[in-house]
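Thanks, everyone, for making the time this morning.

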Amino acid sequence: MPAVTVENPLTLPRVTAAAGAPQRPVLYVGTAPSGFEGEGFPVRRAFAGINYKYLDPFIMMDQMGEVDYAAGEPKGTPWHPHRGFETVTYIIDGTFVHRDSHGGGGVITDGDTQWMTAGSGLLHIETPPEELVMSGGLFHGLQLWVNLPAEDKMIAPKYQDIRGGSVKLLASEDGGALLRLIAGDVAGHAGPGATHTPITMIHASVTPGAEVTLPWRSDFNALAYGLAGHGAAGAEGRPFGAGQTVVFGDGDSLTIRAAEKQDSRSERFEVVLLGGRPIREPMQHYGPFVMNTHAELAQAFDDYQAGRLGVIPADAG
């Protein structure tokens with residue numbers, strides 16, 4: 001995994017939970033079903049089957065790949081609308097090109113994150129670059145949907161372009177885990193991503209046999225998703241691995257441990273840790289629209305049909 005790394009995590013600031021901080025227990029471990037998105041690229045639906053009260057403010061998360069494409073195989077999405085939430089696209093391997101109806105766009109590659117606040121709405125497309133389509137290659141990433149509170153549903157769309165080099169790098173107390181803080185804060189350290197809904201997003205690489213215990217805000221929920229490898233969660237050592245989501249209960253710290261031997265392309269247990277302050281508002285979700293009421297959903301669809309969410313640029317082919 002070429003996401004941003006360092007040779008020696010011991011050179012980084014260390015993070016540890018306070019002695020005696022109540023551990024968050026594991027409430028549930030679920031396995032993500034597989035499917036296809038866009039023009040046919042494989043995904044795992046990380047949050048499928050999990051009660052929304054444990055996810056709020058997160059709506060869904062897809063693990064895109066990991067897939068090693070042959071020449072001519074890489075796929076993206078067609079033009080599609082969004083309204084009422086934020087999409088966070090984190091690319092671990094490969095490259096994605098994004099473009100929208102408001103003139104935004106860019107390229108995200110190994111370790112980069114594109115944070116798109118759809119707000120009042122736009123049209124959007126994500127595609128592999130032509131050279132990747134021609135050559136094939138490894139592709140792996142995540143797309144996370146973060147809800148917006150009612151007061152922010154109709155704000156103007158905007159982007160945060162988070163380069164891998166701007167991610168805050170931290171280490172566990174003994175250096176056995178590298179922590180990439182993409183958004184939010186942990187132990188007084190802040191990541192570059194900013195959201196209207198307070199959240200924390202970390203990509204952790206845990207060395208075989210190592211354990212990391214992090215402080216975690218008591219007013220946030222807590223989720224862990226296995227990207228590669230296997231290990232355990234919580235003080236109770238609940239097993240989980242690639243393609244599985246852990247839901248934690250209440251507490252002020254959480255623990256992840258990597259198994260002594262890993263059986264994936266990665267040498268380490270790769271985990272995404274997520275937490276956020278629940279919005280606790282009604283949510284109505286239909287496809288690419290996330291609103292508070294059925295009437296707002298219907299309005300979003302009408303606005304899309306009428307072209308009020310933008311139009312595909314004339315040079316888009």
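This is a predicted model: local features need pLDDT of at least 70, side-chain atom pairs count only at pLDDT 80 or more; totals for chains, interfaces and linings use all residues.

By contact I mean heavy atoms within 4.5 Å. In that sense, and not counting residues up to four places away in sequence, Gln-262 touches Pro-208, Gly-229, His-230, Glu-267, Arg-268 and Phe-269. Residues are numbered from 1 along each chain as its sequence is written, and side-chain values use heavy atoms, with hydrogens and water left out.

Gln-262 sits in the loop that runs between β24 (253–258) and β25 (269–276), where strands are DSSP runs of E with at least two residues, numbered from the N terminus. With a relative accessible area of 18%, Gln-262 is buried, because buried means under 20% relative accessible area, computed with a 1.4 Å probe on protein chains only. A polar atom of the Gln-262 side chain lies 2.8 Å from the backbone nitrogen of His-230, and a polar atom of that side chain lies 3.1 Å from the backbone oxygen of Ala-259.

Turning to the sheet, seven strands form an open sheet in the order β3-β4-β5-β12-β7-β10-β13, with antiparallel pairing; two strands pair if DSSP finds at least two bridges between them. The edge strands, each pairing on one side only, are β3 (34–37) and β13 (158–162). Within this sheet, β7 (residues 85–93) and β10 (residues 113–117) pair in the antiparallel sense over five bridges, and Thr-87 has Met-116 in β10 as its bridge partner.

Definitions and conventions: Helices (H or I, at least four residues) and strands (E, at least two) are DSSP runs, numbered from the N terminus. Buried means under 20% relative accessible area, exposed over 50%, partly exposed in between (1.4 Å probe, protein chains only). A polar contact is a pair of N or O atoms within 3.5 Å; within protein, one must be able to donate a hydrogen and the other to accept it, and residues adjacent in sequence count only if both atoms are side-chain atoms.
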